[in-house]
Amino acid sequence: MIKTRVTELLGIRHPILMGAMHWVSNAEMVAAVAEAGGIGFLPAATFADAETMKSEIRKARALTDGPIGVNISMLSTINPGEALFDLLETAIEEKVAAFETAGRLPVEIAPRIREAGIPLIHKVPQARFAKKAESIGVDAVIVVGYECGGFTGMSDTTSMVLINRTARELSIPVIAGGGIVDGRGLVAALALGAEAVLMGTRFLASTEAPLHENWKKRFLEISETDTAVLMKSVGNSARMIRNATTAKIQEIESRGGTLEELMSALEGNFGKTVYEKGNVEYGIASAGEGIGLIQDIKSIGVIIRDIVEEAEVTISRLRRISASA
């Protein structure tokens, strides 16, 4: 069993976290991760209000005794004003096991989370942002490399360099994300100085993920070259699966199209209905380059078991190599 400061901080058996995926991460998925020895995060921004989020937390709790986390976006366009604090207080009242934040630094909510005695983890795409997060007292940081699905940040720094540098510069635990989908990736992240991994794409390809079967079938057909980074021209870069919609957006960006044109191309092609309808040639669906390493759809419990077993085999192989040197 791999023990790190992160497994101790979060009370989990394995150093594996499931990132909050809007419109996807639900009670069933988060509970399955907890049952398998990791922790997952419900995305607060998915819910219409704090009461709806409370209901989903309780639904997850009915399925597991393991830890349930909540992600709170710090983007004012997603959780403006009072909505942010309503979500926060509700999650605290429900005694969630950890908070994950992303976007701007969680300066206004960090003191309240510390007061509640709940671990706070902030997600960033650059080492300098990780250092700022450490300076305000977060318990750990998640760093996501350019290979990740969804929002990639604007620096285009790959996980190999980002994890290594951040782990060298921080004293708090670093959790690695971006291109990690298996046991070899977990061991590589640990070797670079991380103390856990955050995965999204691997859990999209699970039996529990509430996606149309056409998307899951598509995941097994494509490779690491079948994703594209969009919206960089407007400072909001995100990695998505290539299809007719992404091609249209790339064309608009390549000729310097307006924000209005981009928004028009996205209209009706984003959100929960995309995953439900299953027309894989249209709509925006997040996935990281690690999708090229995924060869099957399995339950979350089996996914985590296989990752841990492969990590142990990999560590044993490295020990043999070292012993024979």
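Predicted model: local features only at pLDDT ≥ 70, side-chain atom pairs only at ≥ 80, totals over all residues.
**Stop 1: K216 and its partner**

Which residue forms a salt bridge with K216? Select E213: the closest N and O atoms of the pair are 3.9 Å apart. With the cut-off for a salt bridge at 4 Å, this pair counts as one. Now show helix α10, residues 213–221, as a cartoon; E213 and K216 sit 3 residues apart in it, so about one helical turn separates them. Turn on a surface and look at both ends of the bridge.

**Stop 2: a network**

Next, select R202, D296, K298, R305 and D306 together. Salt bridges with shared partners join these five residues into one network. Side chains of opposite charge can pair when their charged atoms come close.

**Stop 3: helix α3**

Move to residues 50–61, which make up helix α3. Pick out E51 and K54, whose side chains meet in a salt bridge with an N to O distance of 3.4 Å. The two residues are 3 apart in the helix, about one turn. Is K54 buried or exposed? Its relative accessible area is 16%, and the cut-off for buried is under 20%, so K54 is buried.

**Stop 4: helix α5**

Now go to helix α5, residues 110–116, and select R112 and E115, again 3 residues apart and about one turn from each other. Draw a distance between the side chains: this salt bridge is 3.8 Å, N to O. Color by accessibility if your viewer can do it. R112 counts as partly exposed at 26% relative accessibility, while E115, at 63%, counts as exposed.

**Stop 5: a nonpolar patch**

Leave the charges behind and select V234, L259 and M263. Together these residues make a nonpolar surface patch of about 240 Å². Where does M263 sit? Look in helix α12, residues 259–266.

How values were computed
Residues numbered from 1 in each chain as written. Heavy atoms only, no water. Helix = DSSP H or I, 4+ residues; strand = E, 2+ residues; numbered from the N terminus. Buried < 20%, exposed > 50% of the residue type's maximum accessible area, 1.4 Å probe, protein only. Patch = residues over 30% accessible without salt bridge, like charges linked within 9 Å, V, L, I, M, F, W, Y side chains within 5 Å. Areas by Shrake-Rupley, 256 points an atom, 1.4 Å probe, with all protein chains shown as cover.
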